[in-house]
Amino acid sequence: MLLPGTHRVRWPLRCIRSWGRLFSRSLMDLREVVSALNDFASLSLAESWDNVGLLVEPSPPHTVNTLFLTNDLTEEVMEEAVQKKADLILSYHPPIFTPLKRVTWKTWKERLVVRALEHRIGIYSPHTVYDAIPHGVNNWLTKGLGACTSVPLHPSTAPHYPAEGTHHVEFCVDNTEHLDKVLSKIKDLKEISCLATLPARVEGEEQTRVSLNCSQKALLEVVALLSQNSLLYHKTEILLLQKPLLPHTGMGRLCTLSEPVSLSDIIARIKSHLKLPHIRLAMGMGKTLESPVKKAALCAGSGSSILKGTEADLYLTGEMSHHDVLDAVANGISVVLCEHSNTERGFLSELRDMLASHLHYKINIIVSEKDRDPLQVA
């Protein structure tokens, strides 16, 4: 029974759950957050030249209540993070890339570090890690093309070999006494693994096949040992072990549309997805706006090195060099350029929701409102 002057309010279940998450939020230690971020996307997927992970760390202990997402950490964005009381900034592009020789107030990147430490704000950057993962930036960019299937243009490999060592060595021995001597010497070597012997028939003779894995350094010692016996040496097989490819993981994407659509329709979809009024278009030789697009190769950011040489009807990226655009056009490939960060920034909203779930809604996650591409159409 309601008291006079009161009324019943019905709250949607979704709202109740949202309020429950809000009240259940608790602080997380910075190292706990960083560990969770590394679990969300392994830093081993980064390109060798990149600078990823935790770049600025306030003195411990440091707790995180608010995680602030941005594509580029400029001074304007840093002030926004300070005003919104961020404890950790996730900047897609690493603000520290070229090594800093000093941290003063002289340059804007040095000032970012000073401001971060003054306000006890950590800085974490994933960059090419998020380019490679199946649920990352390039996957988000494919959604601008419509229904399609996609595969990485440059697949990523696993961080480790399937077995210990970088090389696999096999050779046959036909003399038991000789076999014992060789095995004894091999066992004395370091960085040898998976040593095994199996009976084998070679040219009608009963022999013993020896196999092992070893490092590059140990391989030199194994070869030196075997070369002491010309018969062993000439019967030796050496295989370079390959790291296995990771499924759906890597740089760029080659997309096959479920149905061919005109170039003009693809452009409209891209502009809608990226929320852009304008893009730059270089029409492939012999192509028109009505030409069908079935295959599109894309790479968020700067895609020249990833897209070059790929057979497709369309290249989609943020920026390409003038001469790479000319090459594509000459090969009948149309090129759509949207400016570097415009092909990345929209992913942050999707990332916010994924990280909220991954972190079990323990902290606040917000996206910068000041972050934007520096280039404007005048």
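Start with the charged pairs: a search of the whole of this predicted model turns up 16 salt bridges.

Now go to Arg115 and Glu79, where the closest N and O atoms are 2.7 Å apart. Here helix α4 supplies Arg115 and helix α3 supplies Glu79, so the bridge links parts 36 residues apart in sequence. Is Arg115 buried or exposed? Its relative accessibility is 18%, under the 20% cut-off, so Arg115 counts as buried. Glu79, at 30%, is partly exposed.

Next, pick Arg352 and Asp353: their side chains meet in a salt bridge at 3.5 Å, N to O. Then show Asp72, Arg345 and Asp371 together, as they are linked in a salt-bridge network.

Time for some backbone. Zoom in on Pro60 and Pro61, joined by a cis peptide bond with omega about 0°. Pro61 is in the loop between β2 and β3.

Finish with two lysines. Lys85, in the loop between α3 and β5, has a positive phi of about 55° although it is not a glycine. Lys275, in the loop between α10 and β13, has a positive phi near 55°. Lys85 is exposed at 64% relative accessibility, and Lys275 is exposed at 72%.

Conventions:
Residues numbered from 1 in each chain as written. Predicted model: local features only at pLDDT ≥ 70, side-chain atom pairs only at ≥ 80, totals over all residues. Heavy atoms only, no water. Helix = DSSP H or I, 4+ residues; strand = E, 2+ residues; numbered from the N terminus. Buried < 20%, exposed > 50% of the residue type's maximum accessible area, 1.4 Å probe, protein only. Salt bridge = Lys/Arg side-chain N within 4 Å of Asp/Glu carboxyl O.
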